Amino acid sequence: MNLLTYLSALTILTINTANAQNAPVAVSCEQDVYALCAYANCTMDEDTLTANCPCYSISGPSLARIDLIPDDQVRQETIDTCTDSTSCADNNAPICDSIADGSLWPGADAVSTFSRELEVENGVILNDEGERETFTWKCAVSKREVRLVPNCMLAPCRALDNPVTNPYFDGEATMECTCPLIHANDDYTLFGGLKDPCDEPALVNVGGPTLNVHAMNKDAVRSAWEAVTREFNGENISLDASNDDRNTPTISFAKSSAGVLVLSESRSVPTVAGQMEVDGWGVQKASLNSSSSLTISATAIVMLTSSAFL
């Protein structure tokens, strides 16, 4: 299956009300070098909002998802230009130009996009016609858990001085991409991956419905790219509540091997009465007390940020 056929088979998502009926969710771009992160096994960055992901360096056509374009102007120009599956079939989408001239991510050596390269090598199950037969892994997300997973679509990348290997993917990764961590509310499936990422949840690239839910929230997308920009540019990010004008109490966290933040003590956090959440992230095993503060138990797994995602 070539990229244009694969593109036409993608689920059509609402991009805007003017051309949602026929607008593609992604466009094909021809690049000298792009980063393929579909099989990346990442490491959480210190900011706890992004991940460092080793990816392949590939040349040729790949897909760029329109509703995740980091630059508002480029995204709108792409929406206006690519009104159906054929209008931007000749590498003429504005997002393709922005990637090619380096303006999408100044300082990047490549941008992460998607193709079906290296599928078989990375454990993707195909039928006799070469189509994806079924998912390789299904990972369960507990109701008591806030799972953070990376997705690298359109993330900025730099070339590695030394290639990286990992049991999860085949061969060597020669790119290092800074990818946003997004919220997995429900169980998710993965096409490919050479090692089970579910038993000890790994920070592996996740798309599908999890990414679709993220993409539908414009504020979440914008906040995610802001975090990527800060991390990619080497800016320090602090979770110190003293830097937050809402005066949220400082709470002690530890980062687990599963890539989530675990609350290490029970505290009360001011919040809006009647809402069981902190900064948009759902909190499990929590209760509201009479002073309209949120009491979180010591076993709750949560994420507190001052500006993350929602």
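## Aromatic pairs

Tyr56 and Phe169 are both buried, a term that here stands for under 20% relative accessible area, while exposed stands for over 50% and partly exposed for the range in between, with a 1.4 Å probe and protein chains only. The model is predicted, so that local features need a pLDDT of at least 70 and side-chain atom pairs count only at pLDDT 80 or more, whereas totals for chains, interfaces and linings use all residues. Residues are numbered from 1 along each chain as its sequence is written, and side-chain values rest on heavy atoms, with hydrogens and water left out.

Rings of Phe, Tyr and Trp (for Trp, the six-membered ring) are paired if their centres lie within 6.5 Å, and planes under 30 degrees apart are called stacked, those over 60 edge-to-face and the rest tilted. By this rule there are three aromatic pairs. Tyr56 and Phe169 make up an edge-to-face pair, with 5.9 Å from centre to centre and 75 degrees between the planes. This pair links distant parts of the chain, since Tyr56 belongs to strand E3 and Phe169 to strand E10, 113 residues apart; helices (H or I, at least four residues) and strands (E, at least two) are DSSP runs numbered from the N terminus. Trp105 and Phe232 also form an edge-to-face pair, because their ring centres are 6.3 Å apart and their planes stand at 65 degrees. Here too distant parts of the chain are linked, with Trp105 in the loop between helix H3 (94-100) and E4, and Phe232 in helix H5, 127 residues away. Trp105 is buried at a relative accessible area of 8%, and Phe232 is buried at 5%. Through ring pairs, Trp105, Trp225 and Phe232 are joined into a cluster.

## Helix H5

Helix H5 covers residues 218-232, 15 residues in all, and reaches 21 Å from its first C-alpha to its last, close to the 21 Å expected at 1.5 Å a residue; the expected span is 1.5 Å times one less than the number of residues. Its buried residues are Ala220, Val221, Ser223, Ala224, Trp225, Ala227, Val228 and Phe232, and they pack against strand E3 (50-65), strand E9 (156-166), strand E10 (169-184) and helix H4 (208-216).

At the N-terminal end, H5 is capped by Asn217, which has a side-chain oxygen 3.1 Å from the backbone nitrogen of Asp219. Just after the helix, Gly234 adopts a positive phi of about 80 degrees.

## The nonpolar core

The largest nonpolar core has 67 residues, of which Val27, Cys53, Cys55, Ile95, Leu104, Leu154 and Tyr188 touch the most other members. E10 gives the most to this core, with eight residues. Such a core is a set of buried Ala, Val, Leu, Ile, Met, Phe, Trp, Tyr and Cys residues joined through side-chain atoms within 4.5 Å.

With residues up to four places away in sequence not counted, Cys55 touches Ala35, Leu36, Cys37, Ala40, Ala173, Thr174, Met175 and Cys177, contact being heavy atoms within 4.5 Å. The C-alpha atoms of Cys55 and Leu160 are separated by 9.7 Å, although the two are 105 residues apart along the chain. Leu160 lies in strand E9 and is partly exposed, with a relative accessible area of 22%; neighbours within four places aside, Leu160 is in contact with Ala173, Thr174, Met175 and Glu176.

## Salt bridges and a buried threonine

The structure holds six salt bridges, each a side-chain nitrogen of Lys or Arg within 4 Å of a carboxyl oxygen of Asp or Glu. Arg116, Glu119 and Arg132 are linked in a network of such bridges. The closest N and O atoms of Arg116 and Glu119 are 2.8 Å apart, and Arg132 meets Glu119 at 2.9 Å, N to O. The latter pair links distant parts of the chain, with Arg132 in strand E6 (residues 132-134) and Glu119 in the loop between strand E4 (110-113) and strand E5 (125-126), 13 residues apart. Arg116 is buried at 15% and Glu119 at 6%, whereas Arg132 counts as partly exposed at 23% relative accessibility. Elsewhere, Arg147 and Glu145 form a salt bridge of 2.7 Å, N to O; Arg147 is buried at 3%, and Glu145 counts as buried at 15%.

Thr113, found in strand E4, is buried with a relative accessible area of 3%. Its side chain is joined to that of Gln31 by a polar contact of 3.2 Å; a polar contact is a pair of N or O atoms within 3.5 Å, where within protein one must be able to donate a hydrogen and the other to accept it, and residues adjacent in sequence count only if both atoms are side-chain atoms. Beyond neighbours within four places in sequence, the contacts of Thr113 include Tyr34, Ser62, Ile99, Met153 and Leu154.
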